[in-house]
Amino acid sequence: MAHFAELDENNIVKRVIVVHNNELLVDGVETESKGAQFCHDLFGGEWVQTSFNHNFRGHFAGVGGSYDPVRDIFIKPKPYPSWILDENDDWQPPTPNPMDGENGYWVWNEETTSWVNVD
């Protein structure tokens, strides 16, 4: 099965659907453009293939995430305004997590931009 993400005008993922591989076939070869056209014909909009196994385009597309057409990757939604994207395209807090499970459970407090222990 193939997965396709619908993008809005700002390249934000609106939804992700599953498409049978047969819908991607052109002369026996799977092609993304055929799958994207299939999705467009059914629902309208702009569609880009995403990989459930992370084989291409970085992260698996998720609703609220974004697609960077220049880098040709999907990026997960930013969890907090203060977090920054690292070299692996993962969101990181400004200060490292003090390790969940050690000395309790830690949650991010955006107001103080720090981790809070919530035993």
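**Charges, rings and a buried leucine**

Guide: Glu6 and Lys14 are joined by a salt bridge, with the closest N and O atoms 3.7 Å apart. A salt bridge here is a side-chain nitrogen of Lys or Arg within 4 Å of a carboxyl oxygen of Asp or Glu. This is a predicted model, in which local features need pLDDT of at least 70 and side-chain atom pairs count only at pLDDT 80 or more, while totals for chains, interfaces and linings use all residues. Residues are numbered from 1 along each chain as its sequence is written, and side-chain values use heavy atoms, with hydrogens and water left out.

Visitor: Is Glu6 buried or exposed?

Guide: The term buried means under 20% relative accessible area, exposed means over 50%, and partly exposed lies in between (1.4 Å probe, protein chains only). The relative accessible area of Glu6 is 5%, so Glu6 is buried.

Visitor: How does Lys14 count by its relative accessible area?

Guide: Lys14 has a relative accessible area of 47%. That value lies between the limits of 20% and 50%. Lys14 therefore counts as partly exposed.

Visitor: What is the N to O distance in the salt bridge of Glu32 and Arg57?

Guide: This pair links distant parts of the chain, 25 residues apart: Glu32 is in helix H1 (residues 32–43), and Arg57 is in the loop between strand S5 (46–50) and strand S6 (66–68). Helices (H or I, at least four residues) and strands (E, at least two) are DSSP runs, numbered from the N terminus. The side chains of Glu32 and Arg57 meet with an N to O distance of 3.0 Å.

Visitor: Which residue meets Arg57 in a salt bridge of 2.6 Å, N to O?

Guide: Arg57 is itself buried, because its relative accessibility is 14%. Its partner in the 2.6 Å salt bridge is Asp72.

Visitor: How many salt bridges are there by this rule?

Guide: Side chains of opposite charge can pair when their charged atoms come close. By the rule given above, the count of salt bridges comes to five.

Visitor: How many aromatic pairs does a search of the whole structure find?

Guide: Rings of Phe, Tyr and Trp (its six-membered ring) pair if their centres lie within 6.5 Å; planes under 30 degrees apart count as stacked, over 60 as edge-to-face and the rest as tilted. On that basis, the search of the whole structure finds eight.

Visitor: What kind of aromatic pair do Tyr67 and Phe74 form?

Guide: The two ring centres of Tyr67 and Phe74 are 5.0 Å apart. Their planes stand at 45 degrees, so the pair is tilted.

Visitor: What kind of aromatic pair do Trp108 and Trp115 form?

Guide: Trp108 and Trp115 are 5.2 Å apart, centre to centre. With 75 degrees between the planes, the pair is therefore edge-to-face.

Visitor: Where does Leu24 lie?

Guide: Leu24 counts as buried because its relative accessibility is 1%. Contact means heavy atoms within 4.5 Å, and Leu24 touches several residues beyond four places away in sequence, including Phe4, Val29 and Gln49. Leu24 lies in the loop between strand S2 (13–19) and strand S3 (25–26).
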